[in-house]
Each structure stands twice: as C-alpha cells, then as structure tokens.
Amino acid sequence: MVLNARLDHRNPLVFDTHELGRRPGAQQRLTRSIEAPGDLGIQGVIGVPEGAPVELELRLESVMEGVLVTGTARATAEGECVRCLEPLEQELVAEYQEMFSYPDADDRGRVKAEPGDDAEDDEDRLFLEDGMFDLEPVLRDAVVLALPMQPVCQDDCPGLCSECGARLADDPDHHHDAVDIRWAALQGLAGSLEDGEKDEMSGAEPGVDEKQEK
C-alpha cells in the first residue's frame, strides 16, 4: 500500500478533502496558484523553472472507494530548441485525473476487514491520509506527458548550418559553394602549371625573341 506519509497541510500541493465528508456524489472545485517545485518537466530538455507560477484547477468528487481528482495545470515551460539550440518558451496545459483511495476501503468501496492484505492490488494506488492527498506526483506525471520530447522554437525551424554552425533562420540565403574534391585536385595542378610557365617566361635570355623574328 502506497500511503502519503506525514502530509503537511501547509504544503501548497497538499489538499484537504474533509469537506466532502465521504458522501458519494459530493463535489468540490478548487483553484490555487503555486510555485513550481524543482525538476518539474523533462530534465535537460524542457520544464517549468523552479519557483515559476503554476495555476491549478481541481474538481474533487467523492466516490465509494475514495476521492476522484480531475484538473488542469497551466504554466510556462522553458527549454532549448533541438534544431537551432536557441532558448524557447512554451505555454503548458497539463490535464490530470487520479483516484485517491480511502486506506480502509477495497476497490469496491467496502471497508476492508484487514487493511493491507492485498499488497499487490495496492501497489500502484494512491491513498488519502487523514483525509488529505499530495498532488505533486500526479502533477509531475501530467507535466511530463504534456511536454514535447524534442521541443522546437517553431515547427519549420531550419536548424544550424552543418558546415559552419550558423543559424539558418537568421539568413535564409546562407549556403556554401560545394567543391568536388576531384576537381579541386585538377584545379591545383592547373595552377601549378601556370605558375611554371610564368617562371620560364621571366627567365628567358634577352634578345632571344628578336633573333627568332629575324
């Protein structure tokens, strides 16, 4: 059984469900503005900076086995474009829904005779503790699912020049003249021959041309 041990009601991501009173069908709507916890996002790729504002909307609904939490988180994520490596910002809307079960109820809402017997069934379940639940693990999962694994500054970002690393979006006409290495070798040889001919011309004896004309 995964219990949320020692929850602190002063934590902005901890919510109290006592107002619902374990009355199936009872609902409560909440809004809360919090500061983002650390490492909220995809580490090294994109995420919500620690301390940045996150707007939460929640609907708490009492059901037989616990409290069903449905909501939305809104924030601004920051990262780096995978194509041009420029910093970027992206508006984030992450939706989530999670069941927080009563520790003394089974999956049908009935009180267990001996809580904790069904360890395997409880392994992936989240539980209420003293009528409270911690939204942070649910929020983290929702944010990761809502963020792109390969963020780009714009859908058609052309990236960087593979030869010099210039940002192509800044210079759409940027290019390098392609030179075939085979022709480059011939051009070098032709240049050598021209230089040799010039040297021979400059080294000719005076009057030779005049004699040939006579």
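Colleague: Which residues does Tyr-96 touch?

Modeller: Contact means heavy atoms within 4.5 Å. Leaving aside residues up to four places away in sequence, Tyr-96 touches Leu-56, Glu-57, Leu-58, Val-69, Thr-70, Gly-71, Thr-72, Ala-73, Leu-135, Val-138 and Ala-142. Please note that this is a predicted model, in which local features need pLDDT of at least 70 and side-chain atom pairs count only at pLDDT 80 or more, whereas totals for chains, interfaces and linings use all residues. Residues are numbered from 1 along each chain as its sequence is written, and side-chain values use heavy atoms, with hydrogens and water left out.

Colleague: Which residues of the largest nonpolar core touch the most other members?

Modeller: In soluble globular proteins, nonpolar side chains tend to be buried together. A nonpolar core is a set of buried Ala, Val, Leu, Ile, Met, Phe, Trp, Tyr and Cys residues joined through side-chain atoms within 4.5 Å. Buried means under 20% relative accessible area, exposed means over 50%, and partly exposed lies in between (1.4 Å probe, protein chains only). Here the largest core has 38 residues, and Val-48, Leu-56, Leu-58, Val-69, Tyr-96, Phe-133 and Leu-135 touch the most other members.

Colleague: Which strands and which helix each supply at least two residues of this core?

Modeller: Helices (H or I, at least four residues) and strands (E, at least two) are DSSP runs, numbered from the N terminus. At least two core residues come from each of strand 3 (40–42), strand 4 (46–48), strand 5 (53–62), strand 6 (66–80), strand 7 (87–101) and helix 2 (136–146). The chain has four helices and nine strands, in the order β-β-β-β-β-β-β-α-β-β-α-α-α along the sequence.

Colleague: Is Leu-60 buried or exposed?

Modeller: Leu-60, found in strand 5, has 0% relative accessibility and counts as buried. Among the residues that Leu-60 touches are Asp-16, Leu-20, Val-67 and Phe-133.

Colleague: How many aromatic pairs does the structure hold?

Modeller: Rings of Phe, Tyr and Trp (its six-membered ring) pair if their centres lie within 6.5 Å; planes under 30 degrees apart count as stacked, over 60 as edge-to-face and the rest as tilted. The structure holds two such pairs. Phe-15 and Phe-133 are stacked, at 5.5 Å centre to centre and 20° between the planes. Phe-15 belongs to strand 1 (residues 14–16) and Phe-133 to strand 9 (residues 132–134), so their pair ties together parts that are 118 residues apart in sequence. Phe-15 is buried at 1% relative accessibility, and Phe-133 is buried at 0%. Together with Phe-100, these two residues form one aromatic cluster.

Colleague: Where does the charged end of Arg-22 sit?

Modeller: A charge sits over a ring if NZ of Lys or CZ of Arg is within 6 Å of the ring centre and within 35 degrees of the ring normal. The charged end of Arg-22 sits over the ring of Tyr-102, 3.6 Å from its centre.

Colleague: How many disulfides are there?

Modeller: A disulfide is a pair of cysteine sulfur atoms within 2.5 Å. The count is zero. For Cys-81, the nearest cysteine sulfur is that of Cys-84, 3.7 Å away. Cys-81 is buried, at 0% relative accessible area. The sulfur of Cys-153 is 3.7 Å from that of Cys-157, too far for a bond, and Cys-153 is partly exposed at 32%.
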